[in-house]
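Here's a quick tour of the model you have on screen. We'll go through helices, cores, a surface patch and some salt bridges.

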Amino acid sequence: MRSYSLLLFPALIIAVSFTILYPNFAERTLNISVQPEVYNLDAESQNKLASEFFERWKSDYNASSKWTIEPNSGLPPKESSVYKVNGRFITSAKINQISQENQGLVVESKNKLEATWIEELIRGGKSLSIKLGLDLQGGMRVVLKGDFDDYSKKLRDIFSKEIAEQKAILADPSKKEEDKKKAADKLAEIESNFELSPMRKIVELEKAKMIIDNRLTSQNLTEPQVRIQKEQDAIEVSLPGVTNSTAILEVLQNTETVEYRIEEPSPFVLRSRLDDNERKLMDLNQREETDIFKFQEIVKNKMGKKIQDQFLESLEKKYSIPPEYKIFALWKRGTAAKSALLPRSFVVLERKISLSGNDMTNAQPSFNSNSYGWMVSFTLTPNGAEKFFDLTSENRGRNLAIVWGDKVVSNPVINDPIAGGRAEISGSFTQEEAIRLANVISEGALPIPLSVLEMRFIGPTLGIESIEVGIRAVVIGFFLVMIYMILYYRLGGLIADISLLVNVIILAALLSLMDFTLTLPGFAGLILTMGMAVDANVLIYERIREEIDAGRPLTIAVTQGFENAFWTIMDANVTTLIAGILMIRLGNGPIKGFAITLCWGIVTTLFTSLFLSRLFVELLVNRVGIKHLNLRPFFFGKKETTHV
């Protein structure tokens, strides 16, 4: 016998589900931030931007006049520089549309919905709204191909000293054959590191994927998806809601590293070759002919890293720099306020990397009150601390250059051994540069350079249409199932429909709480869940009808019907659940999204069909005292069983 008190459990679950879903249908406030540069424009340009925005607002964004906006004309005051939009069902697709179509007016990264009290209470202000995927809200998809040739060159720099030592042993006639054999074996072992097999490439791509994941997380992007394309040696990145492609590409492709390299020993014979030539040309008033001026022009004209590298390599040939050394540029700011960070001179460093970014961690930017500039302090790993101590002990009096990307930012003299596992980098940093450098150290540098193989944008308008079609499909499918169940099973069909509605509510709340990103395949998973939920009720009612036809009393028929159908339903759903779990583990993208919706739909279906439906039916029969339960369709005539 079922007690009414058992209704408290599903009632609690439904109440929690509605609470979680509340932000999706509550009245929200959207803050649309105006770019600060807009206020520096002349009045005519400001009015043009504002009028174009409000034309779109009336004709497209708010055509049905469901929302309000303040101010409703012109630009907001410069002090606040925010339009406030109030209304219900403000989706991320609509926010993305506003951002993409008004890039000259609004700051996409700052457009956000204010948190509801539910989100403040449950998630500390983090959104509980259902997130939409790339196909529903629009955004950017980019495929980045790994440059393994450049990666191989980097590896050779790391092992350059060991290679030179082993080659010297092989070339030395005074060395024993045994020593030469060991050197040859060692050289072969080092060379094996440069063989990039398909498996090795996958490993490096996995490292790059992890770093890109970390970088995108720090950009507060909505559910970025990063996948490896093995066939193309590439990484695919899907970014729902992204409009500022230039900034995001810079984040994705940034291969800057942080390294320590020892400068050539005093009296800097190699560097003096460059300095002497520069001095001669300056004395002849031929500054434009100096190498540093030419290099600055390459940088100012943004001709790219490849051209910079080629220029520095040409200098190494021009000045006969030995292969164990390499020319770098020392970057500094000028004496004038807000002067640009530019190469100011050349330095010659050992090709060997003495300490790499892998030896550093936990970097933090901080303001140096002594130099009135920004610096970055960091912690060394245990292995890095040991290497740093040995490095500073063995090279007293020599300069230790700190290389950020391809820039030498400082080259202080090593006065004493440095122990303790902590160090700092001071240079001509602005606050933004110090933060960027700290992020490179903390997140790690990409192991391989990445170039854009393919880039595609999906407009938000298409996503909005997809949402409407998807919701329409779910609603139509839901109501058709409800009508069919009522026509076929009458009161039993109504109970099944209530369970189905509860199923959808619980499933939506679960997906929202899990930060699931809904895509079109996700909609398909929802529709399939409804079909499977109804299928379970059909099996149960058919079993009950068989018991009724066999002449059993209604209470026993209901109990036997649910018990006999239990294992049939469990078997069918568990086998589907296993397939869904495999799709989650092995699939990606649309397949994974569909599988997640399907698996959680199975869990909620088992709860609503085997527990909730049974609870309702048994309460009606045993507590309410229903005497007749007709489970035949209207057009098949009436078949009653009296409650005994």
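A word on helices before anything else: here they are DSSP runs of H or I, at least four residues long, numbered from the N terminus. With that in hand, L513 is found in helix 17. Keep in mind that this is a predicted model.

**Domains**

The chain is divided into domain 1 (27-115), domain 2 (140-253), domain 3 (258-445) and domain 4 (465-624). Taken over C-alpha atoms, the centres of domain 1 and domain 4 are 42 Å apart.

**Cores**

The largest nonpolar core holds 44 residues, and I540, Y541, I544, V558, I569 and V617 have the most contacts inside it. At least two residues of this core come from each of helix 16 (460-489), helix 17 (491-513), helix 18 (520-549), helix 19 (554-586) and helix 20 (590-624). Helix 18 gives the largest share, eleven residues. Leaving aside residues up to four places away in sequence, V617 touches I495, Y541, V558 and F562.

Another core lies apart from that one, with 26 residues, among them F148, I163, I211 and V226. I211 sits in helix 9 (residues 198-218). Why does I211 count as buried? Because its relative accessibility is 8%, and the cut-off for buried is under 20%. Between I211 and Y61 there are 37 Å in space, C-alpha to C-alpha, and 150 residues in sequence.

**A patch on the surface**

Back to L513: together with F18, Y22, F25, F89, W117, L121 and I122, L513 makes a nonpolar surface patch of about 830 Å². Helix 1 (8-25) and helix 4 (117-123) supply at least two residues each. L513 itself is partly exposed, at 39% relative accessible area.

**Salt bridges**

The whole structure has 20 salt bridges. Here are some of them, with N to O distances:

| Pair | Distance |
|---|---|
| D185 and K181 | 3.3 Å |
| E263 and R271 | 2.8 Å |
| D275 and R271 | 3.7 Å |

D185 and K181 are both in helix 8 (residues 177-192), four residues apart, or about one turn of the helix. D185 is partly exposed, at 43% relative accessible area, while K181 is exposed, at 54%.

R271 bridges to E263 and also to D275. E263 and R271 are both buried, whereas D275 is partly exposed, with a relative accessible area of 26%. D275 and R271 are four residues apart in helix 11 (residues 269-283), so about one helical turn separates them.

Finally, a network of salt bridges links R141, R227 and E236.

Key:
Residues are numbered from 1 along each chain as its sequence is written. This is a predicted model: local features need pLDDT of at least 70, side-chain atom pairs count only at pLDDT 80 or more; totals for chains, interfaces and linings use all residues. Side-chain values use heavy atoms; hydrogens and water are left out. A nonpolar core is a set of buried Ala, Val, Leu, Ile, Met, Phe, Trp, Tyr and Cys residues joined through side-chain atoms within 4.5 Å. Buried means under 20% relative accessible area, exposed over 50%, partly exposed in between (1.4 Å probe, protein chains only). Contact means heavy atoms within 4.5 Å. Patches are made of residues with over 30% relative accessible area and no salt bridge: like charges are joined within 9 Å, nonpolar side chains (Val, Leu, Ile, Met, Phe, Trp, Tyr) within 5 Å. Accessible areas come from the Shrake-Rupley method with a 1.4 Å probe; for residues, only the protein chains shown count as cover. A salt bridge is a side-chain nitrogen of Lys or Arg within 4 Å of a carboxyl oxygen of Asp or Glu. Domain bounds come from an automatic or database domain assignment.
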